[in-house]
Amino acid sequence: QGIQSTIKVEFSILSNGNVGNISVSGPKVFHRSARNAVKNAFPVNVKSAPITLPQSINITLRYQLR
């Protein structure tokens, strides 16, 4: 069956397209992976961003170990 877990990640997309203020909650074993997943998605191109920056974002990551 495996182990399933949910991690909540909050971060800011800064006006230069970088990420800042990453905070992670949930089982500690997944914190580094979740933090790295968010960091690896940046920087982003903000030239035609449909939102005003900086912007706080909340996401949920689901982990499943088999």
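I7 stands opposite L61 in β3, where strands are DSSP runs of E with at least two residues and helices are runs of H or I with at least four, both numbered from the N terminus. The model is a predicted one, in which local features need pLDDT of at least 70 and side-chain atom pairs count only at pLDDT 80 or more, while totals for chains, interfaces and linings use all residues. Residues are numbered from 1 along each chain as its sequence is written, and side-chain values rest on heavy atoms, with hydrogens and water left out.

Strand β1, residues 3–13, runs antiparallel to β3 and is joined to it by eleven bridges, two strands being counted as paired if DSSP finds at least two bridges between them. Along β3, S56 is the bridge partner of S12. With β2, strand β1 pairs in the antiparallel sense over five bridges, and here V9 has V24 of β2 as its bridge partner. The hairpin of β1 and β2 has five residues between the strands, and in it G17 takes a positive phi near 90°.

Taken together, the three strands form an open, antiparallel sheet in the order β2-β1-β3. Because β2 (19–25) and β3 (55–65) stand at the edges with a single partner strand each, one side of each is left without a neighbour in the sheet. From one strand to the next, the twist averages 25°.

Helix α1, residues 31–40, lies across β1, β2 and β3 and runs at about 155° to β2; contact means heavy atoms within 4.5 Å, and axes are lines fitted to C-alpha atoms, for helices over the stretch in contact, with angles from 0 to 180 degrees between N-to-C directions.
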